[in-house]
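Visitor: Please show me the model, and let us then go through its surface and its ligand.

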Amino acid sequence: MATTEPTTTAPEAAATDVALDVRGLQKTYGGQGRSVEAIRELSFSVPRGQLTCIVGPSGAGKTTLLRCIAGLLDVTAGEIVLDGERVTGPPRGMAVVFQEYGRSLFPWMTVQQNVERPLIERRVPKAERRRVVADALAAVGLGDSGEAHPWQLSGGMQQRVAIARAVAYEPTVLIMDEPFAAVDAQTRADLEDLVRDLWHRLGVTVLFVTHDIDESVYLGQRVLVLSNRPTVLLEDVTVDLPDERDQLGTRGTHRFAELRGHVYELIQRAKAGHRPEDDAGPAS
Amino acid sequence: MTARILRRVGYTAGLPAVLVALWWVASAGSDSFFWPPLRTIVATFPDTWLTGRLGEDVLPSVLRLLAGYLLALVLGVALGVPIGLHRRVRAFAEPTLEFFRAIPPPVLVPVIALFAGYTGSASKVVTIAIGCLWPVLLNTVEGVRAVDEVLVDTARCYHLRRRSQLVHLTLRGSSPQIAAGARQALSIGVILMVISELFGADRGLGASIVQFQRSFAIPQMWTGIILLGVLGFLLSLIFRLVEHRALAWYRGLRDANRGA
Ligand SMILES: Nc1ncnc2c1ncn2[C@@H]1O[C@H](COP(=O)(O)OP(=O)(O)OP(=O)(O)O)[C@@H](O)[C@H]1O
Ligand SMILES: [Mg+2]
């Protein structure tokens, strides 16, 4: 394990409680003559039902990591185990909200059809489908935009359609890649609470990539901080805030400020090119 | 509202009306054998076409055109999808396609006729189909390749079935490009409809025009040319109507992207 923080525990003991296990993951993009080592070594496991945030500098390989987990990208070395099974293709029961949310919506379908399509594929009966879709759209505040096409909506609304589609799918693992990048501050706060609410209600395991340090601390039970490329795990920060969170109260607490400061510092160091192996040398 | 419609009609019909008027006036006093007055041509029209030729020459020509065109559409899309989807198939098929594409379809007419016979419909339909195939096929390949990879990933993540991926992702996603190919193919089809009748055919719109020309029935020849133009215009009008409905999303998306 490459983690430097001795306080972090690797829950390897109870295998059944582990939803996701990333073991020695490496990813090098190979091109014609040019190869990019995106991820050098990543190992961590996520207990079932945990809400994990992943932060790291731009270009650190967060999207690459998520795409490997989602079975969309072949790993160079190591393995990803989901519910005890090695991931070789997109796993069932996993929903993904892509960073390029706008491009992930089918422009020839209406909003309603976009959210409904995965359910049709799963042969959910029509009446139930309609209900689930309506609920999901209402949950993201798009109850009356079902008949619109995605390109008729603002960026933030498109983002919410993508979230509604993921939620309606009723996944056991939900992967979100900077899902709130395009929404205004107020909507963002609402959506953050929505994600926590859905996570509570559905008991789903969530992996949430974000650029926003405050957001990662506010949302997560745990924040994985990645180094810059080639990526390793810089620190696995446990967010020991109470489970009941609210935008004003939680963000105002002393502990929140501490955690936020800590993650902020880590990111600054990561951006400056700091890597865990640097500690191993002169520091100790 | 009505004013707007009138203005649009004025815009579309304006230039043709002016040209026809010019032709009418300029040719009015013409005593050239090859440029008869438009009045004479128009007067010849009913006798030439409405006395049986419409059903015996024009209709079969149009039916052959449609048959060849539809065949090309079906084949072009059916071949273009796997070629566009799989890099291996593409590497395998592309040089061959480039080679056949470089052959102008009219030179195939005599060759095809050798096999399928000069007088029957088969050789003409095949000629039209081969000519129309390339734009449809090559555009389908390009369209399928250009489907957004984020959408492809989305379809995989949400486990769209094979059939759904084909219909709701690949075909819908490439439909603007397929339509572009189909539009090119339509004009090629009209040209080949005529050309395919030039060799040893005695019936058909193209054959009729050539026969008029050879027998120096010049006004009749002109009516045939006009009829051909009108036919091409009607076909492209129908095409545009269908396209307008099927690709409404595409226009909306494009306008939205432009506005942004
Ligand atoms: N298909 C690819 N081929 C080659 N290199 C790639 C490819 N995709 C990503 N990379 C490279 O891998 C590195 C990690 O990219 P990735 O998109 O995973 O970063 P990220 O952490 O998601 O960044 P951001 O926060 O900006 O979204 C980058 O240096 C990028 O240039
Ligand atoms: Mg990214």
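Visitor: Which residues make the nonpolar surface patch of about 400 Å²?

Guide: This is a predicted model, in which local features need pLDDT of at least 70, side-chain atom pairs count only at pLDDT 80 or more, and totals for chains, interfaces and linings use all residues. Residues are numbered from 1 along each chain as written, chains are lettered from A and ligands numbered from 1 in written order, and side-chain values use heavy atoms, without hydrogens and water. The patch of about 400 Å² is made by B:L15, B:V18, B:L19 and B:L22.

Visitor: Is B:L15 buried or exposed?

Guide: B:L15 belongs to helix 1 of chain B, residues 2-27. Buried means under 20% relative accessible area, exposed over 50% and partly exposed in between, with a 1.4 Å probe and protein chains only. Because its relative accessibility is 57%, B:L15 counts as exposed.

Visitor: Which helix gives the largest share of the shell around ligand 1?

Guide: The shell holds 13 residues, with A:S58, A:K62, A:T63, A:T64 and A:Q99 the closest, where a residue is near if one of its heavy atoms lies within 4 Å. Three residues, the largest share, come from helix 1 of chain A, residues 62-69.

Visitor: How far is an N or O atom in the side chain of A:Q99 from an oxygen atom of ligand 1?

Guide: A backbone N or O atom of A:A60 lies 3.2 Å from an oxygen atom of ligand 1, and a polar side-chain atom of A:E178 also lies 3.2 Å from a ligand 1 oxygen atom. For the side chain of A:Q99, the distance from an N or O atom to an oxygen atom of ligand 1 is 2.9 Å.

Notes. A polar contact is a pair of N or O atoms within 3.5 Å; within protein, one must be able to donate a hydrogen and the other to accept it, and residues adjacent in sequence count only if both atoms are side-chain atoms. Helices (H or I, at least four residues) and strands (E, at least two) are DSSP runs, numbered from the N terminus. Patches are made of residues with over 30% relative accessible area and no salt bridge: like charges are joined within 9 Å, nonpolar side chains (Val, Leu, Ile, Met, Phe, Trp, Tyr) within 5 Å. Accessible areas come from the Shrake-Rupley method with a 1.4 Å probe; for residues, only the protein chains shown count as cover. A salt bridge is a side-chain nitrogen of Lys or Arg within 4 Å of a carboxyl oxygen of Asp or Glu.
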